[in-house]
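Visitor: Could you walk me through this model and tell me what stands behind each term?
Guide: Gladly; let us look at it together.

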Amino acid sequence: MDLSYTPEQIAFRSEVRAWIEAAMPLHLKRKAEGPGHYEQAEVMEWHKILYAKGWIAPHWPQDVGGTGWNIAQRHIFGEELVRANAPQLSPFGLGMVGPLLIQYGNDAQKKRFLPKILSGEEVWCQGYSEPNAGSDLASLQLHADKDGDDYILNGQKTWTTNAQYAHWIFVLARTNAGGKKQEGITFILADVRNTPGITVKPFLTTGGTDAFSETWFQNARVPQSNRVGPENGGWTMAKALLGHERTLIGGIAESRRWLRLCKRIAAATAVGSSSLLEDVEFRRRIARLEMRLRSLEMVQLRTLAAAQLGRAPGPESSILKLVGTDVEQEITELCMDGMGHDALGWLDSPPEALPEVERGVASLFNYLRAASIYGGSNEIQRNIIAKQILRLPTA
Amino acid sequence: MNFDLSEEQQILVDSVAKYVKNDSPVERFRKQRDSERGYELEAWSRMGEMGWLGVAFPEEHGGFGGSFADLALILEQLGRGLVPEPMIASVVLAGGLLSRLGSADQRKAFLDPMIEGRTTLAFAYGERQGRYHLHECATRAERRAAGFAISGEKVWVLNGHAADHIVVVARTSGAQSDAAGLSLFVVDANAQGLTRTRVPTMDGQRCGLLRFENVTVGADRLLGAEGSALAHIEWAIDRGAAAACAEGQGAVQELFERTVAYLKERKQFEVPIGSFQALQHRAADMYAETELCRSSMILAAIEADDDDEEMRKREISTAKLQLGRGGWYVMENAIQLFGGIGVTDEQDEGLFFKRLRVLQALFGDADWHADRFQRLPHFATQD
Ligand SMILES: Cc1cc2nc3c(=O)[nH]c(=O)nc-3n(C[C@H](O)[C@H](O)[C@H](O)COP(=O)(O)OP(=O)(O)OC[C@H]3O[C@@H](n4cnc5c(N)ncnc54)[C@H](O)[C@@H]3O)c2cc1C
């Protein structure tokens, strides 16, 4: 066990830092001062800058576009992106369907889809949940019926994040209504924009932004060559992908950002002739969270290190999701507490009433209530830990 | 000891509940989210006609001689429907100060029309550097031949964007952080030198950013004695906190009940989600917190009328802390147990969540009240 950095790794950190500093456009840097709420166009702008540098997918194997970095380098890279408060890339292509295709896709699919995920030409979204299939995902109803060389898709997905920006969606569809419900599910890729019968209706979230959509399929015709893996074999892949997702959506990197934001807010919040950052009680509250986050970062590093030794993310990834989202929510709550009366502000409060560093914090705070719901709710994560790790008996 | 409502109180509660159900369901508030004012003058004058605005004022001040607890019962019911009219700003804060300190002429000019529902009021006290400390005041009132000239800035003034008259805190002597030297003035909304910026807030309501530049008022606009307003400001803000607990109680109760109903109705894994023991325990804890909120709120509402300043502060801080902590437990879990739909704007639960978060941030947050509590003389005595 040795957790210290080598001179090469220290040099690597400087290289990354200098590059980000030079590569990040000024208008993005300006946004990085606040909560870092980037528009989709800005996220994709940054995506393309990373792509041009060859640093878009450090976690992919080198032969399909990865960087060939080891785990320490990847970690350093991640830390530096957080430090710069750079836009957070959409996880659906790079983090989910990409790795899935690398593992289970055929050559034609890899050739067709991977390059455009890397380049950012094609944006992806995830069509798992349905109105009546949330926690109980396996009960999903959207069905795909064979017709010649195609599937015909009918049904509804919901809470589809980014569907309104997406070119492609990966869908879990029912292809067999009988038998065990997990065994009749197939993994299918669909072109959102060019398939007649697919419609996307964005929802407004409590954060005041339209982060997710309802996605309808009415006789939407998709070639069978867009199926990944065997028919009725989608559940295994869906679960593998969820395990993967859980290592990503604990929001651990984001928590670092919000923590720094919290300190900036506290420093900018006057209390008489002093500032809130001078307040011992408030400093302790920040400190407690920062220390908890530090422990969590080590859990994450251990998971990553295990992954590098070829072990797939197991049920322990549930810890990252469970504790990670809890910490993430607590930090934004602390930001709100720090703001005092400014916590009343909203996205449309005029600038003279709400300082720029605080704009968007209340929106984030509201939106992040979803962090303990999406990607498998935290209750479901606890069930997984109890059953699969602790092997506790069922009632 | 008797926690039951009197017959009159029960009639009052029933009539407010009926109003919310029939005339002011959450739908009405939703529409007001897009309006300039954020609420309806028509609804306000109806509240005046029904006598709700005057409930807690003495009869000789044009009120009905009831207690603060009566007013709290009204606010609790209004909280269940997210009724956006400015009860706290107008009746509890500014109205309370006018009734407590106003001369007969001042009451006649500013309090009477408000009680009748013809005007609304605001209380401008908070400043950027003030946080929750009420003595922090950089706004100054300089003596002029005919009265005073007020200059300064007040932030997040509830109903400040729309009020007809504004009670403002200004310093007539001393330095920015001094306890002594604060005075209260009544300023007209259209006074020269007063700029009001409408500020939309997280809960879908609005408030005002008020800038005073040499706003001149006559000596007859001084409310109470010059230079000794702090104790009265504390009194008003304590009642604001008690009112926030009362309105917040309505919202907490409503969220709790809606959540329990949803646990019975929503099915996953072929069963109602309320059959999962993990969620049953959560609901049981939410129930406990809701009852703690309600109990401490009742005590706070009764103590709001207490002349014993320490008792008043103790119980109101207790209730405000409970709203901040226990109320938070209920609201975060309500959203959690609704799952994905809980974070959509279409669903009402998020609106209650936001209103509650605003009430938690007003009149001292949980930390501030815990801090004040431990500074009260009684804390150190060990009985
Ligand atoms: C912001 C946001 C973005 C999302 N993005 C996507 C996306 O891009 N693609 C996608 O497919 N989905 C997405 N989702 C959907 C998300 O995965 C579901 O919301 C989630 O799985 C929960 O399902 P549900 O909303 O139907 O809640 P339900 O399953 O109805 O759950 C309601 C409550 O019951 C609890 N519960 C359910 N079962 C149990 C149990 N057995 N034991 C204990 N408690 C239980 C839950 O934890 C929750 O608190 C998103 C959701 C949100 C909020």
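Guide: In this structure, 50 residues of chain A and 45 residues of chain B make the contact, where contact means heavy atoms within 4.5 Å. The model is predicted, so local features need pLDDT of at least 70, side-chain atom pairs count only at pLDDT 80 or more, and totals for chains, interfaces and linings use all residues. Residues are numbered from 1 along each chain as its sequence is written, and side-chain values use heavy atoms, with hydrogens and water left out.

Visitor: Why is the pair A:K181 and B:E270 called a salt bridge?
Guide: A salt bridge needs a side-chain nitrogen of Lys or Arg within 4 Å of a carboxyl oxygen of Asp or Glu. The closest N and O atoms of A:K181 and B:E270 are 3.4 Å apart, so the pair qualifies. The count between chain A and chain B is five salt bridges.

Visitor: What makes up the side of chain A that touches chain B, by class?
Guide: That side has 22 nonpolar, 16 polar and 12 charged residues. Here Ala, Val, Leu, Ile, Met, Phe, Trp, Tyr, Cys and Pro count as nonpolar, Asp, Glu, Lys and Arg as charged, and the others, Gly among them, as polar.

Visitor: How much area do chain A and chain B bury between them?
Guide: About 4000 Å², 58% of it on carbon and sulfur atoms. Buried area is the accessible area (1.4 Å probe) that two parts lose on being put together, summed over both.

Definitions and conventions:
Chains are lettered from A and ligands numbered from 1 in the order in which they are written.
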